Amino acid sequence: MVRHLITIDDLTEGEIQAIFRVADEFLKDLADPQVPHRVRGAKSEAQGCILATLFYEASTRTRFSFESAMYRLGGQILSSADPKTTSAAKGETIADTVRVLQNYADVLVIRHPCEGAVRVAADYADVPIINAGDGGHEHPTQTLCDLYTLQREKGTLKDLNVLLWGDLRNGRTVHSLVYGLARFGARIIPMPAEGFGLPEHVVRRLAQDYGCTPLSNDEVSRVRGDKFPVDAVYVTPEKPHQRSLFSDVPEKGSEVLKVRLPANALAKIDACYVTRLQRERLPEGEVGADSYPVIDAAFLKDRRYRSSSVMHPLPRVEELGYDLDNDERAVYFKQAAYGVPVRMALIAALLRIRPDLLGQGPPAKKHQVYTQGTLGCENTRCVTGLSSEQRYLEPRFLIIPESDRLLARCVYCEHDMIPEFVGRLSTRKFEPNRRAFTDIPEDLLLFADEEAALRRGCSPVRQKAGG
Ligand code: NCD
């Protein structure tokens with residue numbers, strides 16, 4: 001079965017570690033003697049294979065490192081960095097573009113400004129599709145590079161304290177990274193610019209899918225020590241995989257709240273992950289934060305940061321001081337260099353050049369899919385909002401049960417919405433979405449509002465007198 005990498009959840013923890021082991025091997029075999037984190041020369045494992053890069057948004061690192069990785073594996077590349085030169089400019093759909101390109105290349109790497117666009121591509125492809133960033137949604141291969149860098153620097157991912165700085169609202173690298181950190185048991189400490197915190201749906205999913213929840217205020221004050229201005233620390237239970245997306249453990253459990261950190265748990269910060277303001281994703285009229293955090297040598301003087309790795313997906317603008325470049329804690333250029341061996345390993349895995357790295361199918365999702373067409377995604381940046389794609393694309397949602405309602409998560413952009421009403425096709429009745437479901441009925445209907453329910457021919461459940 002063809003495997004794709006669209007979100008970081010498309011790989012299991014075991015598969016991620018297997019990819020890292022192969023990246024280590026490539027790095028060892030091809031290391032530049034002067035600069036050991038850089039690969040030079042080439043293998044011949046991908047001889048005869050072609051990788052195509054199709055980028056509808058600006059890129060330096062991601063595209064070049066993929067292309068370099070393919071050359072260093074002994075393969076060839078086809079490259080389109082300018083959307084104006086492809087048929088998308090003539091109105092061709094994503095589905096048609098990939099169905100054509102898969103005849104010309106063995107693996108496609110796609111970057112697109114719309115959230116969920118690369119999932120659409122994967123749904124129509126019979127060759128592996130790799131998401132190189134889809135709007136503000138996810139950037140899973142950057143996360144592979146980030147986790148790989150952290151693991152090489154710190155020897156482990158478990159129990160690390162990772163500070164996330166900057167634009168956590170729009171940064172797609174951050175969105176993939178928090179899920180990765182949670183799954184490997186690292187602690188996440190968000191330090192956003194004001195108004196740029198993690199989106200609600202990301203925080204909700206951290207809790208629902210990975211049992212990763214914020215510590216209580218009391219617990220944070222107990223462990224944070226003096227002058228450390230954090231008000232949230234997200235922690236995972238002892239065995240995050242037991243509560244993962246792929247298991248049947250009930251949602252929020254009491255053991256999560258029992259996570260107790262040692263009193264000095266935040267005395268040492270293992271990594272600061274800095275991100276730029278994602279200016280291109282601000283709604284028209286919004287100019288950014290009044291003050292955007294800047295990480296520089298003066299900031300890192302605090303003892304807490306003595307051995308912090310300073311990371312950045314790059315490009316940097318003003319949020320990361322140049323005075324850190326020669327500081328041994330700065331690993332952002334190494335992080336960019338690791339992009340080549342990590343992407344070599346990923347390509348080898350997806351092309352099955354290394355046949356045993358990935359399982360046959362992707363990790364199964366535990367939630368039911370909803371395809372009744374009564375809901376549209378409310379995220380204005382979702383691919384389902386593109387008129388070109390509306391010609392063929394059906395909205396699809398995962399149904400996420402909560403204790404007092406059902407959520408609908410768009411399978412493309414993964415934003416959640418709360419339908420106002422739920423109904424049944426068999427009874428043609430609907431009621432407010434305000435109760436728990438132990439089993440989701442096969443004929444469930446979800447409605448954004450009353451009008452949508454009436455339009456579908458449903459009538460309201462009559463309220464019991466006095467009830
Ligand atoms: C990031 C991206 O494109 O999301 N860059 C990258 O791929 N390394 C981060 C950014 O642009 O800020």
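**Note on strand pairing**

1. Strand 15 (residues 421–424) and strand 16 (residues 429–432) run antiparallel and are joined by four bridges. Two strands are taken to pair if DSSP finds at least two bridges between them. Strands are DSSP runs (E, at least two residues), numbered from the N terminus.

2. The model is predicted: local features need pLDDT of at least 70, side-chain atom pairs count only at pLDDT 80 or more, and totals for chains, interfaces and linings use all residues. Residues are numbered from 1 along each chain as its sequence is written, and side-chain values use heavy atoms, with hydrogens and water left out.

3. Four residues lie between the two strands, and Arg428 takes a positive phi near 55°.

4. Strand 16 also pairs with strand 18 (residues 459–460), in the parallel sense and over two bridges. Here Phe430 has Pro460 of strand 18 as its bridge partner.

5. Elsewhere, four strands form an open sheet with parallel pairing, in the order 2-1-3-4. Its edge strands, strand 2 (76–80) and strand 4 (129–134), each pair on one side only. Neighbouring strands of this sheet are turned by 15° against each other on average, direction ignored; the axes are lines fitted to C-alpha atoms, and angles run from 0 to 180 degrees between N-to-C directions.

6. Inside that sheet, strand 1 (residues 50–55) and strand 3 (residues 107–112) pair in the parallel sense over five bridges. Ala52 has Leu108 in strand 3 as its bridge partner.
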